[in-house]
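I opened a notebook page for this model and went through it piece by piece. The entries follow in the order in which I looked things up.

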Amino acid sequence: MSSVVSGVLQEYGNDAGRLMDILLDIQAENGYISDEDITGIATGLDMSTADVEQTVSFYHFFARKPMAKYNVYLNNSAIAVLMGREKIAEAFERESGCKFGEVSEDGLISLEDCADIGMADQEPAALINGLVFPNLTGFLVKELVRDMRKGVSVDELRAHGLGDGMNNSQHLKATVNNNIRKKGAVIFSEYQAGSALDKVKSDRMSPEQLIELVKQSGLRGRGGAGFPTAMKWDFCRKAQGEKKYIFCNADEGEPGTFKDRVILTERPRLIFDGMALAGYAVGAHKGILYVRYEYMYMKHYLESVLTEMRNEGALGKKVNGIDGFDFEIRIQYGAGAYVCGEESALIESAEGKRGEPRDRPPFPVEKGYRGMPTVINNVETLCSVAKLVTNGVEWFKSLGTGQSTGTKLLSISGDVKYPGVYEVEWGFSINDILEMSGGDPATVQAVQVGGPSGSCVGPNEFERTISYEDLSTGGSMMVIGEQHDLLQDVVLNFTEFFIDESCGSCSTCRALAVMYKKTLEKVLSGGGRRKDIDAMLSWSPIGKASRCGLGQTAMNPICTSIKNFRYLYEGHIKNANEQYEGGFDIAKAVADSCEVVGRRPNL
Amino acid sequence: MSKAVVATTSMAGCFGCHMSFLDIDERILDLIELVEFNKSPIDDIKHFTKQCDIGLLEGGCANSENVEVLKEFRKHCKILVSVGECALMGGLPAMRNGIPIKECIDEAYLNAPTTKNCNPDRILPNDDELPMLLDRVYPCHEIVKIDYFLPGCPPRADLIWNALYALVTGDELKLPYEVFKYD
């Protein structure tokens with residue numbers, strides 16, 4: 001066992017449940033995870049090598065081979081494509097002299113694709129050795145590669161100056177911008193660190209009273225599904241278990257969402273106080289903030305905030321001087337897997353395993369992290385709790401609509417003048433959003449509400465309101481202008497995203513998404529038939545048999561766009577009346593084999 | 001009433017579905033009363049001589065000849081039935097899907113234990129008379145419209161018989177559990 005492996009294992013007390021951290025640390029040290037490392041980890045943790053290997057192989061950012069000195073992961077999400085990602089990819093290939101999926105001959109630069117990295121407001125963007133490089137241009141790529149050849153360290157590679165707000169701070173030093181375009185009453189209004197817990201203390205609020213308060217507020221989960229927060233807490237409080245856990249889900253992997261990035265940057269105390277409140281309410285003493293790998297640049301910053309809290313007495317024994325309430329928070333990083341945003345997959349991942357969703361029931365509130373009752377809340381939900389405790393229920397209920405109280409953060413990206421984060425009260429329409437963000441209603445062909453798993457909505461529905469009652473959303477709004485090919489650039493991209501991100505457990509997800517992609521490609525290539533369009537619609541109930549939301553919504557990009565933009569599909573159908581032939585292109589199908597054996601096709 | 005006319009074929013299949021069909025035992029006597037065969041290995045008629053009512057398809061499409069046969073069936077049959085896993089999904093032959101065609105051909109004619117040292121001139125079959133391999137094995141419904149599907153590897157004789165009987169007589173298809181279980 002190498003000294004690196006044994007050192008890391010020791011740091012985590014040879015706990016197999018911390019395998020993710022162990023792997024992340026070893027990779028940070030060695031640049032990749034070798035066969036020898038895997039054997040060493042398996043021996044040290046008393047696991048089989050296959051168990052270690054299956055965790056390693058599941059996540060996008062774990063490397064099994066030595067990497068280059070500079071590893072460029074260029075985002076290929078739909079928004080990146082709309083913002084000119086292809087030109088940037090060409091520039092990287094031209095300047096580095098290698099193709100995507102390869103390492104340059106001198107071992108200096110490697111180029112890889114990756115899924116959305118939470119920077120949709122500043123695309124095209126890349127991760128280089130884990131750091132974010134947003135707003136890339138061809139010229140900047142030239143400069144970056146030039147500096148790489150000079151041997152400039154990644155920390156000093158700079159495409160731009162430092163970003164706004166706390167991005168500029170000593171612990172962050174990030175070139176990322178917040179792009180907060182509208183500050184609302186809940187998340188981005190002023191917050192005195194610790195005041196929510198002070199309030200609990202001064203009002204001598206019992207855990208039950210706190211849950212009742214949250215119930216009165218009507219707060220619902222901000223992740224998209226809208227489950228009542230108080231009910232979740234109550235279930236967990238009443239569940240049997242010697243320990244309980246609070247998770248804050250900051251995995252935000254839904255392409256086009258980046259609001260958590262901004263909250264983590266600007267209001268980390270609001271999140272941590274919210275977690276402490278949740279811990280107080282359900283009787284948990286341990287909180288875990290699960291952050292996506294793409295936000296690794298925030299690690300030191302977030303750790304520094306936690307250290308500060310410990311020094312202030314806002315974490316540890318008797319938090320804020322509340323008798324009998326001990327609470328600690330640790331940060332758990334992921335390693336690149338969209339499905340880990342699903343709560344049970346997130347727990348699996350935090351336990352050091354593949355991020356495969358669990359069968360439910362039992363729900364996490366009964367049997368979650370390490371088999372104990374666990375609450376998992378969205379970043380925004382926990383922030384809302386802290387604010388409503390401080391400012392009161394009536395204040396909170398005065399915001400939003402009847403069933404949707406409070407505010408919602410929107411991540412707006414795509415063809416608008418001012419992409420960024422907007423905090424608005426619930427009950428606005430898509431037209432309001434376009435007006436706010438500088439989108440031109442005359443040239444907008446579609447808005448993707450709620451990310452790829454949401455709906456692709458056309459202008460005739462722009463008056464619909466965003467609320468739990470009508471169009472529910474986790475906050476992603478992607479605006480697609482008429483100059484883009486909606487099916488090729490957006491719908492196909494989303495479908496490929498789901499194929500890549502499927503954990504592979506349910507065949508209804510693993511296979512169906514591929515069938516959707518193939519059929520869409522057939523239609524786009526001109527070989528489709530009208531029945532192919534109807535077939536795609538008719539398959540969608542099959543996906544509902546999948547275990548988690550990924551498989552259940554993987555057909556949404558295609559099905560919602562057929563519903564709202566059927567004419568785009570039909571425009572590709574050349575022979576609309578043909579019923580018996582399936583549009584099979586035999587010349588294309590035999591081309592390869594004829595070339596291999598050296599003959600001319602005779603058709 | 002004239003008998004229903006039935007055609008059958010095996011494309012990229014193993015003839016197992018035809019064997020299963022023959023497994024109907026003494027009902028073969030009823031079958032002769034019920035239908036007349038046209039193009040089929042059962043009576044060895046090689047080409048369609050008239051329009052048929054029902055076409056039973058075994059196997060998917062692995063080469064250009066399979067596609068040609070399938071399209072002929074679509075032209076000559078009112079109703080097409082995919083019979084068995086290969087016709088429905090590609091089956092065992094589809095195991096090559098996902099492996100580049102060059103690797104498949106090299107394995108078959110150059111590298112396999114039985115061909116390794118027996119093909120010194122490294123000849124790959126390329127006569128114009130030979131069917132051309134497709135890039136992958138396709139299920140029948142990706143090439144032409146298929147009206148009915150009978151799953152199984154092979155489908156049980158009872159399933160094939162019941163389905164054919166129902167199609168010809170217009171009676172409801174009998175699907176007791178024993179006919180439709182696969183374990």
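What follows H8(A), and what is its phi? I found A:Arg204 after H8(A), with a positive phi near 50 degrees. Helices here (H or I, at least four residues) and strands (E, at least two) are DSSP runs, numbered from the N terminus.

I am working on a predicted model, in which local features need pLDDT of at least 70 and side-chain atom pairs count only at pLDDT 80 or more, while totals for chains, interfaces and linings use all residues. Residues are numbered from 1 along each chain as its sequence is written, and chains are lettered from A and ligands numbered from 1 in the order in which they are written.

**Entry: H8 of chain A**

I stayed with H8(A) and listed its buried residues: A:Ser195, A:Ala196, A:Leu197 and A:Val200. A residue is buried if 20 or more other C-beta atoms lie within 10 Å of its own, exposed if 12 or fewer, and partly exposed in between, with C-beta atoms placed from the backbone. I then looked for what covers these buried residues; the cover includes helix H9 (207–217), H12 and helix H15 (379–391) of chain A.

I took H12 next. The axes of H8 (residues 195–202) and H12 (residues 268–282) of chain A come within 8 Å and cross at roughly 30 degrees. H8(A) is therefore roughly parallel to H12(A). Axes are lines fitted to C-alpha atoms, for helices over the stretch in contact, and angles run from 0 to 180 degrees between N-to-C directions. Angles under 35 degrees count as roughly parallel, over 145 as roughly antiparallel, 65 to 115 as roughly perpendicular and the rest as oblique.

On the H8(A) side I noted A:Ala196, A:Leu197 and A:Val200, which meet A:Asp273, A:Ala276, A:Leu277 and A:Tyr280 in H12(A). Two residues are in contact if their C-beta atoms, placed from the backbone, lie within 7 Å. By class, this contact has six nonpolar residues, no polar and one charged. Ala, Val, Leu, Ile, Met, Phe, Trp, Tyr, Cys and Pro count as nonpolar, Asp, Glu, Lys and Arg as charged, and the others, Gly among them, as polar.

**Entry: H3 and H4 of chain A**

I checked another helix pair. The axes of H3 (residues 35–45) and H4 (residues 49–58) of chain A come within 8 Å and cross at roughly 120 degrees. That angle makes H3(A) oblique to H4(A). I logged A:Ile38, A:Thr39, A:Ile41 and A:Ala42 in H3(A) as meeting A:Thr49, A:Val52, A:Glu53 and A:Val56 in H4(A). The contact divides into five nonpolar, two polar and one charged residues.

**Entry: domains and chains**

The domain assignment, automatic or from a database, gives chain A domain 1 (3–58), domain 2 (70–160), domain 3 (182–397), domain 4 (407–482) and domain 5 (487–570). The centres of domain 1 and domain 2 of chain A, taken over C-alpha atoms, are 29 Å apart.

Between the chains, I have 17 residues of chain A in contact with 18 residues of chain B. The chain A side divides into nine nonpolar, five polar and three charged residues.

**Entry: backbone checks**

A:Asn14 sits in the loop between helix H1 (3–11) and helix H2 (19–30) of chain A, and its phi is positive, near 50 degrees. A:Asn129 also has a positive phi, near 45 degrees. I placed A:Asn129 in the loop between strand E3 (126–128) and strand E4 (131–133) of chain A; with 18 C-beta neighbours inside 10 Å, A:Asn129 counts as partly exposed.

I also looked up cis peptide bonds. One runs from A:Pro361 to A:Pro362, with omega near 0 degrees, and A:Pro362 is in the loop between helix H14 (343–350) and strand E9 (374–378) of chain A. Another joins B:Cys153 and B:Pro154, with omega about -5 degrees.

**Entry: two residues of chain B**

B:Pro120 is in the loop between helix H5 (101–111) and strand E6 (133–138) of chain B. B:Pro120 counts as exposed because it has 6 C-beta neighbours inside 10 Å. B:Met89 is in helix H4 (residues 85–89) of chain B and touches B:Ala94 and B:Pro139, not counting residues up to four places away in sequence.
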